[in-house]
Amino acid sequence: MSTQKRVLKSAGDVEGSEALRMDADKAAQIIDALNTDLAATYVLYHQLRKHHWNVEGAEFRDLHLFLGDAAENAEAFADELAERVQALGGVPHASMTTLQAEAPIEPEDEDVYDIRTSLANDMELYGEIIETLREHVELADGLGDPATGEILRENIVQVEEDAHHIEHYLEDDTLVTEGTMQ
């Protein structure tokens, strides 16, 4: 194992990108927004995984599969965000400490809750993320970065779809009989 340690780029440094014709000042604003989205997405990812692991009850299978898929969607989006940060000349947030500190959302605690409470907590995180993503689309477009705007637009579609599925799961209609609920 090597004992050499050489920092190639410090976290927080922004170079911009000559290849993408993005100067450091504009890149810094976009990178800050993308790193915020990255942090929020990872917080959501971990909460979805928690619920995927702990879901119980009559609708276990469907919810277990949905939550696993939703977590995979979040993970794929996080990867895309991190790669865009790097392409713009920045350093994507990567440590758990930084991700949690920089996320504009607050995850639920370590306790396991009933699935309705868990899904309501997920829907709250999704809603906050959707609002932030919309703001960041406008920021990217306003700074002349349509590629970042497009990446965010494409992913909002999936984020909204997953949030919409949760909204449906939280509706009152169910195949579970009242006797089962007692």
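A residue counts as buried under 20% relative accessible area, as exposed over 50%, and as partly exposed in between. Tyr-169 has a relative accessibility of 24%, so Tyr-169 counts as partly exposed. Keep that scale in mind for this briefing on a predicted model, which looks at aromatic pairs, one asparagine and a pocket. The structure holds two aromatic pairs, and its second largest pocket has a volume of about 330 Å³.

**The pair within helix H1**

- Let's start with Tyr-42 and Tyr-45, whose ring centres are 6.2 Å apart and whose planes meet at 85°; planes over 60 degrees apart count as edge-to-face, so this pair gets that label.
- Helix H1 holds both Tyr-42 and Tyr-45, which sit three residues apart, or about one turn of the helix.
- Tyr-42 has a relative accessible area of 23%, so Tyr-42 is partly exposed.
- Tyr-45 is at 14% relative accessibility and therefore counts as buried.

- Phe-66 is buried because its relative accessible area is 9%, whereas Tyr-169 is partly exposed at 24%.

**Asn-155 in helix H5**

- Helix H5 also contains Asn-155.
- With a relative accessible area of 12%, Asn-155 falls under the 20% limit and so is buried.
- Which residues does Asn-155 contact, leaving aside its neighbours within four places in sequence? They are Phe-77 and Glu-80.

**The second largest pocket**

- You will find 15 residues lining the second largest pocket, and Val-43, His-46, Gln-47, Pro-107 and Glu-110 are the ones nearest its centre.
- Two elements give two or more residues to this lining: helix H1 (24–54) and helix H3 (96–102).
- Helix H1 gives the most, with seven residues.
- Sorted by class, the lining of the second largest pocket comprises seven nonpolar, four polar and four charged residues.

Note on methods: Residues numbered from 1 in each chain as written. Predicted model: local features only at pLDDT ≥ 70, side-chain atom pairs only at ≥ 80, totals over all residues. Heavy atoms only, no water. 1 Å grid on protein atoms, 1.4 Å probe; cavity = no way out; pocket = protein on both sides within 12 Å on 5 of 7 lines; lining within 4 Å. Points joined across faces, edges and corners; volume = space filled by probe spheres on them. Helix = DSSP H or I, 4+ residues; strand = E, 2+ residues; numbered from the N terminus. Nonpolar A, V, L, I, M, F, W, Y, C, P; charged D, E, K, R; others polar. Phe/Tyr/Trp six-rings, centres within 6.5 Å; stacked < 30°, edge-to-face > 60°. Buried < 20%, exposed > 50% of the residue type's maximum accessible area, 1.4 Å probe, protein only. Contact = heavy atoms within 4.5 Å.
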